Amino acid sequence: MSRTKTIHRKTGETDIKLTIDLDGDGSGTRSSGIGFLDHMLDLLAKHALINLDVDAKGDLHVDDHHTAEDIGIALGQAIHEALGNRAGIRRYGHFTLPMDECLVTAAVDLGGRYAFEYHAPIGASKIGTFDSELVEHFWQSFAANSNCNLHVLLHHGRNGHHIAECVFKSVARAIRMAAESDPRSDAVPSTKGVL
């Protein structure tokens, strides 16, 4: 069964076309107009092993906020819809990822309910020209629109770029684990029988 989805989200602030394949190899092209965000999306695709194409045009003359937010929304919607009824997936995933001086744990439940806990502060307000607060906002937008529980915890770290990269990689690895097929069951992973 193909686990692919294309989302076209057009608002007065952004125009985004996003396509995913949950059973990919990390390939695809990312073009958001925001260099740092494209770098983070590259990491996400590679470590989640999803093919990800993003073509986004946003009101970057204002700032990066709407574009980052709406890509998070579109990605969340795409994963939610590509998972279907979630039969046969592991559902839960977690990963603790070291990157230089940083250590981040991410845990996800792709069970169809939204909750978000984020404790990974970045001391600097900017990473290059990118507002560092948008890292958290991207993942909040993703979690709300994928209907998942997402918990992110920075154990330690100092460099803003490293923290952001560590967050994206650890969440990607957690998503990969949760979305993978469970070799022991093809049932919906819930005692309710439905998610």
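# Briefing: core, helices, salt bridges and rings

In helix α3, the buried residues are Leu 134, Val 135, Phe 138, Trp 139, Ser 141, Phe 142, Ala 143 and Ser 146; buried means under 20% relative accessible area, exposed means over 50%, and partly exposed is in between (1.4 Å probe, protein chains only). Keep in mind that this is a predicted model, where local features need pLDDT of at least 70, side-chain atom pairs count only at pLDDT 80 or more, and totals for chains, interfaces and linings use all residues. Residues are numbered from 1 along each chain as its sequence is written, and side-chain values use heavy atoms, with hydrogens and water left out. Helices (H or I, at least four residues) and strands (E, at least two) are DSSP runs, numbered from the N terminus.

**Core and helices**

- The buried residues of α3 pack against α1, α2, β7 (115–119), β9 (130–131), β10 and α4; contact here means heavy atoms within 4.5 Å.
- The largest nonpolar core has 61 residues, and Leu 18, Trp 139, Leu 150 and Val 167 have the most contacts inside it. Such a core is a set of buried Ala, Val, Leu, Ile, Met, Phe, Trp, Tyr and Cys residues joined through side-chain atoms within 4.5 Å.
- Leu 150 touches Ala 107, Val 108, Ala 115, Phe 116, Glu 117, Trp 139, Phe 142, Ala 143 and Val 171, leaving aside residues up to four places away in sequence.
- Helix α2 (residues 65–82) has 14 of its 18 residues buried, so the rest of the structure largely encloses it.

**Positive phi spots**

- Most residues other than glycine have a negative phi, and a few spots here go the other way.
- Leu 49 is not a glycine, yet its phi is positive at about 55°. Leu 49 sits in the loop between α1 (35–48) and β4 (51–58) and is partly exposed, at 29% relative accessible area.
- Asn 147 comes after α3, with a positive phi near 55°. The loop that holds Asn 147 runs between α3 (133–146) and β10 (149–156), and Asn 147 is partly exposed, with a relative accessible area of 23%.
- Gly 84 follows α2 and has a positive phi near 60°.
- Asp 100 takes a positive phi near 55° in the hairpin of β5 and β6, which has two residues between the strands.

**The β5–β6 pair**

- Strands β5 (residues 92–99) and β6 (residues 102–109) run antiparallel and are joined by eight bridges; two strands pair if DSSP finds at least two bridges between them.
- His 94 has Ala 107 as its bridge partner in β6.

**Salt bridges**

- The whole structure has eleven salt bridges, each being a side-chain nitrogen of Lys or Arg within 4 Å of a carboxyl oxygen of Asp or Glu.
- Glu 81 and Lys 5 form one through their side chains, at 2.9 Å, N to O. This pair links distant parts of the chain, with Glu 81 in helix α2 and Lys 5 in strand β1 (residues 4–10), 76 residues apart.
- Glu 81 is partly exposed at 40% relative accessible area, and Lys 5 is partly exposed at 27%.
- Arg 91 and Asp 109 form a salt bridge, with the closest N and O atoms 2.7 Å apart. Arg 91 lies in the loop between α2 and β5 and Asp 109 in strand β6, so the pair ties together parts that are 18 residues apart in sequence. Both residues, Arg 91 and Asp 109, are buried.
- Salt bridges also link Arg 90, Arg 176 and Glu 180 in a network. Between Glu 180 and Arg 176, the closest N and O atoms are 3.8 Å apart.

**Aromatic rings**

- The structure holds six aromatic pairs. Rings of Phe, Tyr and Trp (its six-membered ring) pair if their centres lie within 6.5 Å; planes under 30 degrees apart count as stacked, over 60 as edge-to-face and the rest as tilted.
- Phe 116 and Tyr 118 are stacked, at 5.8 Å centre to centre with 25° between the planes.
- Phe 138 and Trp 139 are edge-to-face, at 5.0 Å centre to centre and 90° between the planes. Phe 138 is buried at 1% relative accessible area, and Trp 139 is buried at 0%.
- Ring pairs join Phe 138, Trp 139, Phe 142 and Phe 168 into a cluster.
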